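Welcome, and thanks for taking a look. Here is a short tour of a helix pair and a set of strands.

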Amino acid sequence: MSIASMTGYARAEGRDAQTTWLWEAKSVNGKGLDVRCRLPHGLDGVEIAARDLATRKLKRGNVQLSLTLTANAQGPGLRVNKEFLAELVALVDEMGPSHQNIAPARWDGLLAVKGVLETANGDEAEPEDIRDAREAAIKADLEKVLDSLAAMRGVEGERIQAVLASQLDEVATLADRAGATAALRPEAVRERLRQQVASVLEAAPSLGEDRIAQEVALIAVKADVREELDRLRAHVAAARDLIAQGGAVGRKLDFLSQEFNREANTLCSKSSDVELTRIGLDLKAVIDQFREQVQNIE
């Protein structure tokens, strides 16, 4: 299983005899999974399906799903409400003899009366089986658009994975370079320790043996960065294992990037050598780039 990005876009279009619909899906980075739907009124069942599908196919990210419905070009037909028209004609015939001063009714006038002409294929007249078939087709296209979104996020995840692998290689190389610097060779560490102890004794010759032992221990701890380098290498191995594992590992990698940064900061603070400090700063730069990439991972 490979890792996936949290950013992507997809669309899917469908139609039947009466309606054309368009699904659009967008996703960006997020701490968890937040699905927001923008659907036409009356499609509550589709919205429930959209949230359920998105939850099953995606793990993290702010996801926006929008559905647009458009009536096809031919538009709605018309039909005559014959029962209502017959009532109007009967009323006109009944009033005719007693209202000689009123002009006789015309057909165009009767057809203009509200309710005589009705929409033949509007929503209120559309058979339920046609509406159900359309909703099923809309849900099928919803699954297509979410599959396309997940695929796009996967492709972007492969690109990020290659970048992360390169950055981890660089962190490992810099850690090895730090361990091989002249300042960390045993003889150099001993000489630096001797000089610092001598400075302490010169500054405070009356220190007792216990205090001198404490000062020596503190100096020795500060001079030794092997523990930080070992932890850096261990974090590199853990990050590689997570990437190989795949899936929704973004949060774990983000935590590891914080640990990387902590070790690099400690390395720089302990360093009393120009070369080691430069390596520490290079480590911090690569780790910052690593964390930026990790923010995009599901």
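Two strands pair if DSSP finds at least two bridges between them. Please keep in mind that this is a predicted model.

## Strand 2 and its partners

Let's begin with strand 2, which spans residues 19–28 and is mostly covered, with seven of its 10 residues buried. Strand 2 pairs with strand 4 (residues 61–71) in the antiparallel sense, over 10 bridges. Within that pairing, Trp 23 stands opposite Leu 67 of strand 4.

Strand 1 (residues 8–15) also runs antiparallel to strand 2, and eight bridges join the two. The link from strand 1 to strand 2 is a hairpin of three residues.

## Helix 7 against helix 8

Now for the helices. The axes of helix 7 (residues 226–245) and helix 8 (residues 250–270) come within 10 Å and cross at roughly 165°. Angles over 145 degrees count as roughly antiparallel, and helices 7 and 8 are therefore roughly antiparallel to each other. The crossing of helix 7 past helix 8 is left-handed.

## What lines the helix contact

Which residues of helix 7 meet helix 8? Among them are Leu 229, Leu 232, His 235, Val 236, Ala 239 and Ile 243. On the helix 8 side, the contact includes Leu 253, Leu 256, Phe 260, Glu 263 and Lys 270. Sorted by class, the contact between helix 7 and helix 8 has 11 nonpolar, two polar and six charged residues.

Conventions
Residues numbered from 1 in each chain as written. Predicted model: local features only at pLDDT ≥ 70, side-chain atom pairs only at ≥ 80, totals over all residues. Heavy atoms only, no water. Axes fitted to C-alpha atoms, helices over the stretch in contact; angles between N-to-C directions. Helix = DSSP H or I, 4+ residues; strand = E, 2+ residues; numbered from the N terminus. Parallel < 35°, antiparallel > 145°, perpendicular 65-115°, else oblique. Left-handed = near helix turned anticlockwise from the far one by under 90°. Contact = heavy atoms within 4.5 Å. Nonpolar A, V, L, I, M, F, W, Y, C, P; charged D, E, K, R; others polar. Buried < 20%, exposed > 50% of the residue type's maximum accessible area, 1.4 Å probe, protein only.
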